[in-house]
Amino acid sequence: MSSAEDEAPPPPEGYSPVQGRGAFTTHNGPYFNGPSDKELSRQAFFILNRHCNTVGILHGGMITAFMDGLLASAVARATGMTPITMHLSVDYLDMGRKGDWVFGEAWVTRKASEAAFVSGKAMIGDRTIVQVNGVFRLMKRRP
């Protein structure tokens, strides 16, 4: 397989490449930020061959890693603090295949002094493929 076969096309309008993430996220991507605010975070990715399992379906670990990062992003936007995953619950509802765009949304449902509760979903077209809930420890950002 040539590397051109495993590259994402340009992102949809309103989405731009995620920059400055750690090595794990950079390796798994590319991910794209969508229109977001303090209430709702959006990201997307294009399913490449490397994101699929041996039967050509989006790997559960890939969508879970994507959603974990997206939920953390929502918590960071809403709180201004560094979120650390304490709990993540994933309901797999449908599948994706190579060549599909996955669009994720996440929102904080409750904030406490040391933790935030967050929910999200990922969709392909009008199909929800996963629903997620998480709890994140809130850490002060280092200067």
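Helix 2 (60-79) and strand 4 (82-92) each supply at least two residues of the lining of the largest pocket. Helices here are DSSP runs of H or I with at least four residues, strands are E runs of at least two, and both are numbered from the N terminus. Welcome to a predicted model, in which local features need pLDDT of at least 70, side-chain atom pairs count only at pLDDT 80 or more, and totals for chains, interfaces and linings use all residues. Residues are numbered from 1 along each chain as its sequence is written, and side-chain values use heavy atoms, leaving out hydrogens and water.

**The pocket**

The largest pocket holds about 190 Å³ of space. Its lining has 11 residues, and the closest to the centre are Arg21, Ala72, Ser73, Ala76 and Pro83. A pocket is an open set of points on a 1 Å grid over the protein atoms alone, where a 1.4 Å probe fits, with protein on both sides within 12 Å along at least five of seven lines; lining residues have an atom within 4 Å of a point. Helix 2 gives the most to this lining, with 6 residues.

**Helix 2 and the cores**

Helix 2 is mostly covered, with 14 of its 20 residues buried; buried means under 20% relative accessible area (1.4 Å probe, protein chains only). Just after helix 2, Gly80 takes a positive phi of about 75 degrees.

The largest nonpolar core has 28 residues, and Phe45, Leu58, Ile63, Phe66, Met67 and Val102 touch the most other members. Such a core is a set of buried Ala, Val, Leu, Ile, Met, Phe, Trp, Tyr and Cys residues joined through side-chain atoms within 4.5 Å. Helix 2 gives the most to this core, with 9 residues. A second, separate core of 6 residues includes Tyr15, Phe32, Phe46 and Leu48.

**Around helix 1**

Asn28 is placed in helix 1 and is buried, with a relative accessible area of 14%. Pro30 lies in the loop between helix 1 (23-28) and strand 2 (31-33). The peptide bond from Gly29 to Pro30 is cis, with omega near 10 degrees. Most peptide bonds are trans.

Notes. Grid points are joined across faces, edges and corners, and a volume is the space filled by probe spheres set on the points. Buried means under 20% relative accessible area, exposed over 50%, partly exposed in between (1.4 Å probe, protein chains only).
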